[in-house]
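My plan is to look up a few things and jot down what I find.

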Amino acid sequence: MEFVKTLGARRREILSIVLQNVVWIVLCIFVIVNALITPRFFTILNIRNILINASVLGIVVIAQSLCLISGHLDLSVESTLAFGAVMGALLLRNNLPVPLAIVSVLTSGIAVGFLNGVLIRKVGLNAFVATLITYIGVRGIALGIVEGKTIWNLPASYCYLGAGEIFNIPIQILVLIFSYAFFHWILTSTKFGRHIYLIGDNPVAAWARGVNLDGVIVGVFVLSGFLSAFAGWMQSGRVNSATPNFAIGMVFEAMASAIIGGVSLRGGVGSLPMALGGVLLLTSINNVLNLHAVSPYWIQTIRAAMILVAVLLDSFKRRLVRYAEG
Amino acid sequence: MQKDNVLLKLEHISKSFGEVRAVKDVTMVIRNHEIVGLVGGNGAGKSTLIKIIAGLLRPDSGRIFLNGEEVTIENPRKAFELGIYTLHQRMEEMLAPHHSVSANIFLGNEKTRPLFKILPWPRVLDKRKMDSAALELLQSLSINIDSVKRPIISYSGGQRQAVALAGVIHRQPKLLLLDEPTAALGVKEKFHLLNLIKRIGKEEKISIILVSHNLEEVFEVVDRIVVLRNGEVVGECEACSASKEDVVSMIVGARGNGVSEKNV
């Protein structure tokens, strides 16, 4: 890392811009290489497949990124997803109208997020512990209310979000793009978003200057719960069923995507477009391994290597922008 | 009862930590637009007193008056609402390091504009206005920052301190508490910061309490010096009329003369 010091200011700047967008650059290279060497990769059907596979994870990554940027983390996203899905399906089984079921699903997510927020800000638990409790507990509730069973055959109107299409474009893909654009706008252009970043960067400074920490952090967790439950609705619509075993282990995939996209675990650094890059990169790698008929078990190892590289790049990036002493 | 130009008045303030009486029956006055130097050796009670004014500690007894009205400062937030701002030894720790200079100056006080001109809501950040206002503020304080858009971590310690100070000035405080502001700085940066403090006191009409070990810099900047020893106010003098030797002897006391002189 010594050579950083010898770089000129201009080169430093270029290098840091490259590093800031490294996920998308890697993704482009990956897509180009595979378009040449992997048969059936660069077809509309396959690209569409990748995007569909990325959509549920993508929404959860927004939830996770919001928490990570605010300097916290949310382990409960996957449980909230499963709970929302199961809850909606159960209510529909009991002949509740679709709009009411949808409202209940989203409310359940908000409730879990609010509980997380209260446990962290009012009870004073560490975010890891608080969301570990809901991670285990909410999955428990999801398993409990349907006694571990899967519910099939949901109404078509309820499944529209996960399985519908507009002009041949799956709705989930449109929702994915819209959600990223909207939450990126929230983060970069509103006071609330700016405060999420500032709290993640230095909570003491934000507090001392009068930022409402309770409000912003509870808000972040409520949004995270909401988005997770929303992803649960989408997932159950896509497979036309709901099981309490939805999305087991997705929280780690979500964190991996965010970190690969350059969202810092230390908070205050990262952006949603980059996190989306992380999601697409992970999903494409998965897809290519499938096309080459590689055992899916190896994806774990590859993911680990990618996280390692991402973290190394992150610390290198920090060195580039830091004031050079002496 | 109160004189018009008195901003802050402490009456019979005491604070103990177990057996240790850190501050004993301190009565002092800060006037408007005045820079007061609070000096004393280690353990004299300077920091405790500052923390009481800043709302970090509650006094065991005594009363605090601000503009003639009695106030209780139960936490830093309250102090902040009253217009009392504190900057500690490393002010830069009160900045968000990965955010731009302008984001830091407007931290917690962001300017917004309506997204659609006809509707009052939703409101979005007015980045352009904040950037230009930040640049203007820094220029008016002659703080040397080349771009308000670059993150804090790309600037030096002294520049960071200056940005932190500018962020506080921007809120137009009534009283500024500076707790050893130059302790972590190099010689040149120290000089710049002291000049800045001096100018702020004069031009922005802010009362300042400057806590310091360093008598040189206290004499350089302040109007009046208050000396603390063992938690009590042992002396007060105008900076222009007193000599350094007088102050030193007050700080160390008659008995301790020569023993703890290296502290000052």
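**Strand pairs in chain B**

I began with strand β3 (residues 35-39) of chain B, which pairs in the parallel sense with strand β11 (residues 224-229) of chain B over 4 bridges. For "pair" I go by DSSP finding at least two bridges between two strands. Helices (H or I, at least four residues) and strands (E, at least two) are DSSP runs, numbered from the N terminus. I looked up B:Gly37 too, and its bridge partner in β11(B) is B:Ile225.

A note on the source: this is a predicted model, where local features need pLDDT of at least 70 and side-chain atom pairs count only at pLDDT 80 or more, while totals for chains, interfaces and linings use all residues. Residues are numbered from 1 along each chain as its sequence is written, and chains are lettered from A and ligands numbered from 1 in the order in which they are written.

Next I followed β11(B) to strand β12 (residues 232-238) of chain B; these two pair in the antiparallel sense over 6 bridges. Here B:Leu228 stands opposite B:Val233 in β12(B). The hairpin of β11(B) and β12(B) has 2 residues between the strands, and B:Asn230 takes a positive phi near 50 degrees there.

**The open sheet**

Which order do the strands of the open sheet have? I read β2-β1-β4-β5 (chain B), 4 strands with antiparallel pairing. β2 (20-31) and β5 (69-71) of chain B stand at the edges with a single partner strand each, so one side of each has no neighbour in the sheet. Direction ignored, neighbouring strands are turned by 25 degrees against each other on average.

Strand β1 (residues 6-17) of chain B runs antiparallel to β2(B), and 8 bridges join them. I picked out B:Ile13, whose bridge partner in β2(B) is B:Val26. Helix α1 (residues 46-54) of chain B packs on the sheet, touching β1 and β2 of chain B, and its direction makes about 60 degrees with that of β2(B). Such angles run from 0 to 180 degrees between N-to-C directions, with axes fitted to C-alpha atoms, for helices over the stretch in contact.

**Where the chains meet**

I then checked chain A against chain B: 19 residues of chain A are in contact with 21 residues of chain B (contact means C-beta atoms, placed from the backbone, within 7 Å). On the chain A side, α9 (191-201) and α10 (203-208) are the elements giving two or more residues. The largest share, 5 residues, comes from α9(A).

Technical notes
Two residues are in contact if their C-beta atoms, placed from the backbone, lie within 7 Å.
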